[in-house]
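Please keep the sequence and the model at hand while reading.

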Amino acid sequence: MGKKKRLQPRPKKKKVVFVSKKDKLNLMKKDLTLKIKYVLEHRKEINERISNQIDIVIGIFEKYDKILLLGGLGLKLINNTPNMESAFFDVLQDISTHYDVDAEVIMEYALSFATAINVNTKVIPAQSDIDKLYSLLKDLKHAYSFIEICENNPDLGDDSLIRMLDRINYMDVRGEGYMQHIEEVYGELFSLHDAFFLQKFGYDSKRILDFLKNLDRKVYSKFGTVLGASLAHERWCEWNKNHPDLTDVIASMEGNESVPFIVGFLRENPDLAGDGEDLNHLTTYQVDDYLSSYSIFWIVPHGEIEEKILDSLSLEFGENNCFLVDNAFKGHIANVTKVSEKPFVKYEGRYFCFSPILPYRNLFKIVENLVKSDNKYYKNHFLGNEYPECRDNYMERKAKELLEFILPKATFYSSAKYKVIDDDGNQKEAELDVLGIASDSVFVIEAKAHKLSDSDKRAGGKGLKDKLKDSIGYASYQCLRAKKYIEDNEKPTFSCCGQSVLVDKSQIKHLYKIATTFEHFSAIICDMKNLIKEGIMQDDYKDTWIVSVFDLMVVAEFCQNGKDFTDYLNLRKKAIDADVLFCDELDLFAAFCQGKLEDIVSQSYMPVFGLSKMFDDEYNSEMLGLNSLLNDLET
């Protein structure tokens, strides 16, 4: 990982006063109860209305040119996505632009419809048709989300909260982590399989990442904006570097072609050449020009490798027909779809990308799907634990690396084996993924690489609970088992890669249980009360810190020292005991960073929501290059 500590706000100790959580939640509950009652009483009518809306959406895609429809929605997404130019001007003008947070989900939802329908007419839609389509899809998205609340938690009790939170999270976009961390984990994990990728597909994991990261440049460079001009210039510089000799271009020029370095560039980048009649000038477009979608969203592969990547990740119209199979889930936003694994469209020999965000958002799913193409290799070298490249083994190494960074004075050991007595009274060997020993603390750590499949998230119920029990439940059990071994033995000793490690209990004041996960369980793991009620966790598991590797990376960078880290773990345990309501680990950690968590724990407060924006601002500004731009302006 990048060895960088980030500064966090450290306000002076100040009493924080909030409205009582109970009073506020009671008002929200009363309002929701009335709405839920209406939905339950009119469920049949609402189902018919939803079915009719789905038929209207299908009708729009069947009536009009799907490239133009998807292009119109793609432009809406672009206009609702911050980029370096928009963020920079927001800061300069001290404003905060409002973006439609549903735009990305709607684009993916629309892509599922479009690729499920085989026919494509060339009838040009009006802007009003695109607006109507967007509105219909947005209404459907919100309807499904609210119905999920009504069906699984009609009295706003706790019985089915686990399923409800998971399904709603599945219908929304919640990235697993920040781009910097995603790329770090991606590179470390999938580079271990490069020999497989090269043999099977002819390209390695880095080429896939580099190509997907470059998609926004391929699309945004066609706009007549400051950012568009800058990106178009980048593309030209790259071409110019690879073509120092223009002799062949000059020799092949025809008619009114008069500028060799532009003519040569546009022949290899025809998506910037408009209709192709004038190769002396680049063509740019307005960000609302959906009629030019055939050019704006056209992705021209440069070389055989890029064409192989696009072929591997593209759908033709009709290939996603599973999304509109005539059953109860027909057109449902959570229905089976292939677009998350194959986010490009291939039509009339061209490749199109209507959302440069979508392929990147589904990076792990896309590349894991490529590994799945060889089932034997996937099971043995990716899912197993026999080889170093297996995901389980990588997760153990990553968890150890991050904790060593947070606690540089502690010593961490991998594969810590110890003897326990089973229920039948027999001695057996148990293993802890990582054991950490500091001057006055012990850390018992389990790392789980389990991922929930889309079918797990859609179906919910017993299948979802079983998967959660096998991952976070079992990890918590293993942590508890190691803790009891240390507590119940006078001289607890572990065997770590041939080395005998004794835990000196006379020095130990604290023992922390940590379970790191590859899956970002989001709101589910924040609701310990219901995890216990649903039988996924036990009461003596509740002091286990269950954290995704991506959230742990944020914690590692914002904790200034080991004391910060243990202070957070101690306060977090108190927050769980006090049933503090939060839906994102980083919201709770942000409260700690801002000096608010102790007050939140000590009294009855509002739910902890939205505080993680401090991390969003930090990482997004870094990603967009905004920090360096502002520093340049200041100097």
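## Basis and overall make-up

The model is predicted, so local features are reported at pLDDT of at least 70 and side-chain atom pairs at pLDDT 80 or more, while totals for chains, interfaces and linings use all residues. Residues are numbered from 1 along each chain as its sequence is written, and side-chain values use heavy atoms, with hydrogens and water left out.

The protein has 30 helices and 11 strands. Of the 635 residues of the protein, 52% count as buried. Buried means under 20% relative accessible area, exposed means over 50%, and partly exposed lies in between (1.4 Å probe, protein chains only). Among contacts between residues at least 6 apart in sequence, 73% join residues at least 24 apart; a contact means heavy atoms within 4.5 Å.

## Nonpolar cores

In soluble globular proteins, nonpolar side chains tend to be buried together. A nonpolar core is here a set of buried Ala, Val, Leu, Ile, Met, Phe, Trp, Tyr and Cys residues joined through side-chain atoms within 4.5 Å. The largest such core has 159 residues, and Phe61, Phe113, Phe565 and Phe615 have the most contacts inside it. Helix H5 (residues 103-116) gives the most to this core, contributing 10 residues. Apart from this core lies another, of 18 residues, including Val420, Ala430, Ile486 and Cys496.

Which residues does Phe113 touch, not counting residues up to four places away in sequence? The partners of Phe113 are Ile54, Val57, Ile58, Phe61, Leu137, Phe323, Leu324 and Gly331.

## Helices H3 and H5

The axes of helix H3 (residues 66-79) and helix H5 come within 9 Å and cross at roughly 170°. H3 is therefore roughly antiparallel to H5, a description used for angles over 145 degrees. Each axis is a line fitted to C-alpha atoms, for helices over the stretch in contact, and angles run from 0 to 180 degrees between N-to-C directions.

On the H3 side, the contact involves Lys66, Leu70, Leu73, Gly74 and Leu77, which meet Ala103, Glu104, Met107, Ala110, Leu111 and Ala114 in H5. By class, the contact of H3 with H5 comprises 8 nonpolar, 1 polar and 2 charged residues. In this classification Ala, Val, Leu, Ile, Met, Phe, Trp, Tyr, Cys and Pro are nonpolar, Asp, Glu, Lys and Arg are charged, and the others, Gly among them, are polar.

## Salt bridges

Side chains of opposite charge can pair when their charged atoms come close. A salt bridge is counted where a side-chain nitrogen of Lys or Arg lies within 4 Å of a carboxyl oxygen of Asp or Glu. A search of the whole structure finds 33 salt bridges. Three of them are listed below.

| Salt bridge | N to O distance |
|---|---|
| Lys398 and Glu184 | 2.6 Å |
| Lys613 and Asp617 | 2.9 Å |
| Glu446 and Lys448 | 3.9 Å |

Lys398 is buried at a relative accessible area of 1%, and Glu184 is buried at 15%. Glu446 and Lys448 are both buried as well.

Lys613 and Asp617 both lie in helix H29 (residues 613-624), 4 residues apart, about one turn of the helix. Lys613 is partly exposed, with a relative accessible area of 48%, and Asp617 is partly exposed at 38%. Elsewhere, salt bridges that share partners join Asp100, Asp102, Lys138 and Lys141 into one network.

## Individual residues

Lys218 is found in helix H11 (residues 215-220). Is Lys218 buried or exposed? With 5% relative accessibility, Lys218 counts as buried. Leaving aside residues up to four places away in sequence, Lys218 touches Phe211, Arg235, Asp271, Ile299, Val300, His302 and Glu306.

Two residues other than glycine with positive phi complete the account. Cys497 has a phi near 50° and is found in the loop between strand S8 (493-496) and strand S9 (499-502). Cys497 is exposed, with a relative accessible area of 68%. Asp579 has a phi of about 55° and is placed in the loop between helix H26 (562-577) and helix H27 (585-593). Asp579 is partly exposed, at a relative accessible area of 43%.

Methods:
Angles under 35 degrees count as roughly parallel, over 145 as roughly antiparallel, 65 to 115 as roughly perpendicular and the rest as oblique.
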